[in-house]
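Hi,

Here is the structure I promised to pass on. Have a look at it first, and then read on for what turned up.

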Amino acid sequence: IVTMNKGLQVIEHHPDKFFPLAYEDLVEQPKQVLHRLFQFLGLRTDPVVLKYAVSELSQKAPREKIDIHPMLREALSETSVKLGYGTQNAEMSVTE
């Protein structure tokens, strides 16, 4: 959580150096996400890289629920919202 919050501080000070990339988006739309990433980096989109990424990412299973201890749940939920993941309550279960 501390590392994620430090990253958010860096993003606030240097938003032009940040490319938001969610794992879920990469798995669902690898060509589109990688094309935008290459543009952001000032690189030409490489069809070989795209083909490889699509073949590798299409084999990835969706993420399962993760167990979060109640003491960490609130802090992690707040940080997740700041990172653009919305409310994580549906994706996290509580561990006692």
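Start with helix 3 (residues 30-41) and helix 4 (residues 47-57): in this predicted model, their axes come within 9 Å and cross at roughly 135°. That angle makes helix 3 oblique to helix 4, because only angles over 145 degrees would count as roughly antiparallel. The crossing of the two helices is right-handed.

Which residues make the contact? From helix 3 you'll find P30, K31, L34 and F38, and helix 4 brings in V49, L50, A53, V54 and L57. Sorted by class, that contact of helix 3 with helix 4 has eight nonpolar residues, one charged and no polar ones.

Now for the aromatic rings. How many aromatic pairs does a search of the whole structure find? The search comes up with one. The pair is F19 with F40: their ring centres are 5.4 Å apart and the planes sit at 45°, so the pair is tilted. To be called stacked, the planes would have to be under 30 degrees apart, and for edge-to-face over 60.

This pair also links distant parts of the chain. F19 is in the loop between helix 1 (2-13) and helix 2 (23-28), while F40 belongs to helix 3, and 21 residues separate the two.

F40, with 36%, is partly exposed.

Cheers

Conventions: Residues numbered from 1 in each chain as written. Predicted model: local features only at pLDDT ≥ 70, side-chain atom pairs only at ≥ 80, totals over all residues. Heavy atoms only, no water. Axes fitted to C-alpha atoms, helices over the stretch in contact; angles between N-to-C directions. Helix = DSSP H or I, 4+ residues; strand = E, 2+ residues; numbered from the N terminus. Parallel < 35°, antiparallel > 145°, perpendicular 65-115°, else oblique. Left-handed = near helix turned anticlockwise from the far one by under 90°. Contact = heavy atoms within 4.5 Å. Nonpolar A, V, L, I, M, F, W, Y, C, P; charged D, E, K, R; others polar. Phe/Tyr/Trp six-rings, centres within 6.5 Å; stacked < 30°, edge-to-face > 60°. Buried < 20%, exposed > 50% of the residue type's maximum accessible area, 1.4 Å probe, protein only.
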